Amino acid sequence: MSIETPAAQIHDLGYKRYLGTRRPQRTRFWIIARTAARMSWRGFWRSKVWVLLGAVAVVVMGAIMQVTQSEIVEGLVSGGVAVTWADAMVPMSFTFLWWVVIWSTIINGAGVVASDVKMGAFEVYFSRPVRPVDYTLGKVLGAVMITAPILLFAPVALSIWRVAIAGDTSGILHALPICAQTVVAGILYTVVFSVVPIGVSALASRPLYSILIWVGYEFFGGGILSLIAMVAHVPALGALNLQNALATITRRIFGQTMSLGHTGNADFQPVPPPLWAAIAGVMLFVGAALFLVIWRVRRAQKSGLGGG
């Protein structure tokens, strides 16, 4: 009895031309951005919860604004006139929403590049091919999509609320500029808190390390720098605290200034950094963040190992 041997099969393992969709080089950053935003929206605890908390914060602040709209905020003036809570609550909302967005950036921003380095994702990006500028722009735009609902849409909704409670025509005309000012401040905050965490994520090769750097700076480092600026009587040094620098620019956008020295010891009162220092500080943070991302991506591209 003979045993029949199955016929040998020949598999074609050769190169085949790619037949899928071909997108122009200039549009590949948009694919990266959409992917980053879509991935962050899949889980409730990644983005949705922080947007929901931002909406809750707006409702709470709006209620406070409506109840105390005619009361004066101590130490805050605009054109030499005391500012009411109705006018002060909108710019103050950025400070309150900072506590929401900081947790969103910890999850969705501060570990992005480091995570791609760790997982070797750059091999996939560069095989398309994707340029470092495409990767950087895509990641930043994706972060903007995640951050804008908290730092742009929420404050704008609060500014519309401010107009709605104005009452008469003169009150509405007084409140209308606040909407435009809120859009400008919201764009500024959104860009900064989209770009800077991405830059921090390029500082380390492991997401945990870059997240710890971001948390350490936001919760401890910035405060220490502000304390040093206060003790050394060098207000410009306080611009290295990103939150203080943004607060200074925001007050100028809304035409509001702090009247210091009305209480306490002037030698130990926190003095906000001057406007020029605040602008320089923000530009330094954003520029350094973009440089770090491009540097990390170019390094991975030249190594050919995706950061491995």
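**Briefing: contacts, surface and cores of a predicted protein model**

In this predicted model, residues 24 or more positions apart account for 76% of the contacts with a separation of 6 or more, where a contact means heavy atoms within 4.5 Å. Local features need pLDDT of at least 70 and side-chain atom pairs count only at pLDDT 80 or more, while totals for chains, interfaces and linings use all residues. Residues are numbered from 1 along each chain as its sequence is written, and side-chain values use heavy atoms, with hydrogens and water left out.

**Elements**
- The protein has 10 helices and three strands, which are DSSP runs (helices H or I, at least four residues; strands E, at least two) numbered from the N terminus.
- From the N terminus on, their order is α-α-β-β-α-α-α-α-α-α-α-β-α.

**Surface and burial**
- Of the 308 residues, 43% count as buried, that is, under 20% relative accessible area with a 1.4 Å probe and protein chains only.
- The accessible surface (Shrake-Rupley method, 1.4 Å probe) comes to about 16800 Å², of which 68% belongs to carbon and sulfur atoms.

**Nonpolar cores**
- A nonpolar core is a set of buried Ala, Val, Leu, Ile, Met, Phe, Trp, Tyr and Cys residues joined through side-chain atoms within 4.5 Å, and the largest one has 43 residues, with Trp 214 and Phe 193 among those with the most contacts inside it.
- Elements giving two or more residues to this core include α2 (44-67) and α3 (85-108), and α3 gives the most, with 10 residues.
- Apart from this core lies another, of 13 residues, among them Val 112 and Val 297.

Terms used. Buried < 20%, exposed > 50% of the residue type's maximum accessible area, 1.4 Å probe, protein only.
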